[in-house]
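Let's take a walk through a protein model and look at the spaces inside it. Have the picture ready and follow along.

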Amino acid sequence: MMTTELEQLRTEIDEISLKILDLLNERGTLVQQIGKLKETQGVKRFDPIRERKLLDLIAEHNDGPFETSTIHHIFKKIFQASLELQEDDNRKALLVSRKKKPEDTIVNVKGERIGDGQTHFVAGPCAVESYEQVRQVAQAISQQGLTLLRGGAYKPRTSPYDFQGLGFEGLQILRKAADEFNLAVVSEILNPNDLETALDYVDVIQIGARNMQNFDLLKAAGQVRKPILLKRGLSATIEEFMYAAEYILAQGNSEIILCERGIRTYEKATRNTLDISAVPILKKETHLPVMVDVTHSTGRKDLLLPCAKAAIAIGADGVMAEVHPDPAVALSDSAQQMNIPEFNEFMSALKKSAALAF
Ligand SMILES: C=C(O[C@@H]1C=C(C(=O)O)C=C[C@H]1O)C(=O)O
């Protein structure tokens with residue numbers, strides 16, 4: 001007898017729960033419509049005055065048995081979930097998002113298809129210092145069967161008294177050395193006014209960590225027809241990083257490679273903290289290829305190989321590392337660049353581990 005009564009009450013509870021579910025989703029649909037209206041009107045999603053009015057209305061109509069404070073608690077959860085729903089809808093609209101474009105973007109740099117599921121390497125000195133210096137590295141890269149040469153011509157240095165780069169001359173050196181070995185040039189541009197000139201010398205324009213939120217530069221980079229390698233800012237969240245890429249894409253340039261290069265944390269054992277989980281998150285949330293700069297994220301030569309292995313294992317589309325013929329006398333980042341024999345060892349260790357894995 002008892003069991004039948006219990007079962008009957010539970011059946012009623014089931015029915016009511018399903019009604020609540022339907023009503024919640026019906027409410028959710030209205031919330032989404034409001035979210036879209038707010039988006040077009042440029043109004044903030046969160047409206048505390050409206051929420052307060054609703055809580056008052058609910059209090060007025062609450063006949064129990066639940067306490068008003070309990071009901072308020074439940075409704076505050078509903079408001080929070082509603083705001084998240086509106087935010088999700090907004091994110092859906094981002095051009096960089098997988099929701100907008102489910103298939104992977106492949107950035108073609110002189111036949112190297114970054115984002116095609118293979119691992120790609122970008123290597124070269126931190127700063128361009130001389131033709132001979134770049135040529136030696138270009139040769140080493142070419143001998144490893146690689147095609148992407150990096151080098152800084154314009155250097156954004158923390159101190160204004162540090163070497164600022166050779167500027168335009170540096171771009172000319174890079175192009176000359178790259179052409180000799182049929183390589184592509186990846187180089188950072190700091191100033192939107194230098195973009196136009198750079199187009200004749202570089203194959204990939206890098207926007208560095210310090211400029212990730214230089215919105216004028218991002219917009220200008222969106223207007224050129226060249227691949228952009230966008231580095232994550234020193235203290236940027238993954239969301240801010242995605243919005244920075246959105247600035248470029250929104251201007252019409254969809255050839256973007258994202259690059260995780262470590263973020264600032266309290267940890268002092270490494271120069272920055274390599275946020276390795278950013279790689280699968282960015283791969284999941286966006287359709288863009290993702291690289292890992294092992295040099296800047298660690299600042300330590302002894303960590304380059306394990307971090308490169310980790311990057312490849314976690315799904316990065318490429319690895320970037322700095323190589324200098326004589327790092328001890330380098331004008332920048334002397335402690336963290338590999339010399340050429342070290343680079344050769346690094347590459348053969350990676351090739352060996354990849355061969356074992358497959
Ligand atoms: C749906 C709206 O957006 C948000 C969600 C609310 C809700 O779930 O009722 C109320 C106010 C806003 O914080 C709205 O403004 O009406």
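This is a predicted model: local features need pLDDT of at least 70, side-chain atom pairs count only at pLDDT 80 or more; totals for chains, interfaces and linings use all residues.

Residues are numbered from 1 along each chain as its sequence is written, and side-chain values use heavy atoms, with hydrogens and water left out.

Let's begin with the ligand. A residue counts as near it if one of the residue's heavy atoms lies within 4 Å of it. There are 14 residues around the ligand, and the ones that come nearest are Arg 27, Lys 38, Asp 47, Glu 51 and Ser 82. Zoom in on some polar contacts (pairs of N or O atoms within 3.5 Å). A side-chain N or O atom of Arg 27 is 2.7 Å from an oxygen atom of the ligand. For Lys 38, a side-chain N or O atom is 2.6 Å from a ligand oxygen, and for Glu 51 the distance is 2.6 Å as well. How much of the ligand does the protein cover? On its own the ligand has 360 Å² of accessible area (Shrake-Rupley method, 1.4 Å probe), and the protein covers 94% of that.

So where is this ligand sitting? The space it takes is the second largest pocket. To find pockets, a 1 Å grid is laid over the protein atoms alone; a pocket is an open set of points with protein on both sides within 12 Å along at least five of seven lines, and lining residues have an atom within 4 Å of a point. A molecule sits in one if more than half of its atoms lie within 2 Å of its grid points.

This pocket holds about 320 Å³ of space. Its lining has 14 residues, with Arg 27, Val 31, Ile 34, Arg 50 and Leu 54 nearest its centre. Helices here are DSSP runs (H or I, at least four residues), numbered from the N terminus. α1, α2 and α3 each supply at least two lining residues, and α1 gives the most, with five. By class, the lining has six nonpolar, two polar and six charged residues.

Now for the cavity, a set of points where a 1.4 Å probe fits but cannot get out. The largest cavity has about 30 Å³ of space. Its lining includes Arg 150, Tyr 154 and Glu 188, and divides into one nonpolar, four polar and three charged residues.

Key. A polar contact is a pair of N or O atoms within 3.5 Å; within protein, one must be able to donate a hydrogen and the other to accept it, and residues adjacent in sequence count only if both atoms are side-chain atoms. Grid points are joined across faces, edges and corners, and a volume is the space filled by probe spheres set on the points. Ala, Val, Leu, Ile, Met, Phe, Trp, Tyr, Cys and Pro count as nonpolar, Asp, Glu, Lys and Arg as charged, and the others, Gly among them, as polar.
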